[in-house]
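Subject: Structure handover

Hello,

My notes follow below it.

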Amino acid sequence: MRASMREESRFFLEEVLFVKQLDVRTLFDADFTYVDATLAPLYGLPAPGAGFARVQLPANQPRSGMLTHSAFLALQAHPASSSPTYRGKFVREKLLCETVAAPPENVSTTIPPNIPGQPKTLRQKLSEHMTNNGCKACHMSMDPIGFGFEHFDGLAAHRTLDNGLPIDATGTLDGKPFTDAKGLNTLLKNDPRVMKCLTRTLFRHAAGHVDLPSESRPLATAHEAFVASGYKYQALLIALIQSDAFRLGKPAEGTP
């Protein structure tokens, strides 16, 4: 199944970014994906023939875009359960380019065990971290985002109950509320910070270093070209490699 999960996202990314050259923000709310006979049952979809097939997701189903792919959800989870913290941390650091501090050394990161006769959802257990003075600052920045994915377990299968109790998948993204993963994906699609983060991340991979203050002007110019193109991935790549920050190692005009 691991190989199938990886291939789903590869086929999906190739279509959006290269084959059809769609608006990059389609990654967050696409109503299609790719499945094979191994992956289809996890999604509750009929198995295709040999190999992978492009499938249209029903309108009433809970998935949309790459953040509801099994590869993302299973990787950002515990071996035997989901993890709102891991999933929220990914969004905060990888999609918004923000830093989440490491937990204090004297703070336990272990999730409280189940108590017989006193069932709790994972969300209810994590509420203890969000009230602990040593934990709440970081958990408040991650968990309200990650709660949006709680309808998906550690293997990315959809569910409505956690430990026998109804799941609450509501959350907030920096004060903006959502009711589930689809709602969170819509907020991320329309958040300008996400595409700015993509610009910075791609530049860092291409240049081999973290962007410097003196490179902010050419990066801003590249991002403006990306926006003007309708958020086409190839336009962003071209704008980045044509920038002085990439060609010269620093902008020709010096610091902004």
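How many cavities of 30 Å³ or more does a search of the whole structure find? It finds one. Please keep in mind that this is a predicted model.

**Cavity**

The largest cavity has a volume of about 40 Å³. Its lining is made up of Glu8, Phe32, Thr33, Tyr43, Leu57, Arg63, Ser64, Gly65, Thr68 and His69. Sorted by class, that gives three nonpolar, five polar and two charged residues.

The largest pocket holds about 1,100 Å³ of space. It is lined by 34 residues, and those closest to its centre are Leu13, Met66, Phe90, Lys94 and Leu95. Two or more lining residues come from each of these elements: helix 1 (2-19), helix 2 (26-29), helix 4 (70-75), helix 5 (84-95) and helix 9 (192-207). Helix 9 gives the largest share, with nine residues. By class, the pocket lining has 22 nonpolar, five polar and seven charged residues.

**Nonpolar core**

In soluble globular proteins, nonpolar side chains tend to be buried together. Here, the largest nonpolar core has 47 residues. Which of them touch the most other members? They are Phe149 and Leu188. Look at Phe149 in the viewer. Beyond its neighbours within four places in sequence, Phe149 is in contact with Leu67, Phe72, Leu73, Arg87, Val91, Ala181 and Leu184.

**Salt bridges**

The search of the whole structure gives 18 salt bridges. A few to look at:

- Asp23 and Arg25 meet through their side chains, at 2.7 Å from N to O.
- Glu150 and Arg159 form a salt bridge at 3.3 Å, N to O. Both Glu150 and Arg159 are buried.
- Asp211 pairs with Arg204, and their closest N and O atoms are 2.5 Å apart.

Is Asp211 buried or exposed? Asp211 has a relative accessible area of 17%, so it falls under the 20% cut-off and counts as buried.

Salt bridges link Arg92, Glu98, Asp174, Asp191 and Arg193.

**Backbone**

Most residues other than glycine have a negative phi, and most peptide bonds are trans. Two residues to check against that background are Asn163 and Asp174, which have positive phi values.

Asn163 is not a glycine, yet its phi is about 55°. Where is Asn163 placed? Asn163 lies in the loop between strand 3 (161-162) and strand 4 (165-166). Asn163 is partly exposed, with a relative accessible area of 35%.

Asp174 has a positive phi of about 50°, and it is not a glycine either. Asp174 sits in the loop between strand 5 (171-173) and strand 6 (176-178). With a relative accessible area of 42%, Asp174 is partly exposed. Asp174 also belongs to the salt-bridge network described above, together with Arg92, Glu98, Asp191 and Arg193.

**In brief**

- One cavity of 30 Å³ or more, and a largest pocket of about 1,100 Å³.
- A largest nonpolar core of 47 residues.
- A total of 18 salt bridges.
- Positive phi at Asn163 and at Asp174.

Best wishes

Notes: Residues numbered from 1 in each chain as written. Predicted model: local features only at pLDDT ≥ 70, side-chain atom pairs only at ≥ 80, totals over all residues. Heavy atoms only, no water. 1 Å grid on protein atoms, 1.4 Å probe; cavity = no way out; pocket = protein on both sides within 12 Å on 5 of 7 lines; lining within 4 Å. Points joined across faces, edges and corners; volume = space filled by probe spheres on them. Helix = DSSP H or I, 4+ residues; strand = E, 2+ residues; numbered from the N terminus. Nonpolar A, V, L, I, M, F, W, Y, C, P; charged D, E, K, R; others polar. Core = buried A, V, L, I, M, F, W, Y, C linked by side-chain atoms within 4.5 Å. Buried < 20%, exposed > 50% of the residue type's maximum accessible area, 1.4 Å probe, protein only. Contact = heavy atoms within 4.5 Å. Salt bridge = Lys/Arg side-chain N within 4 Å of Asp/Glu carboxyl O.
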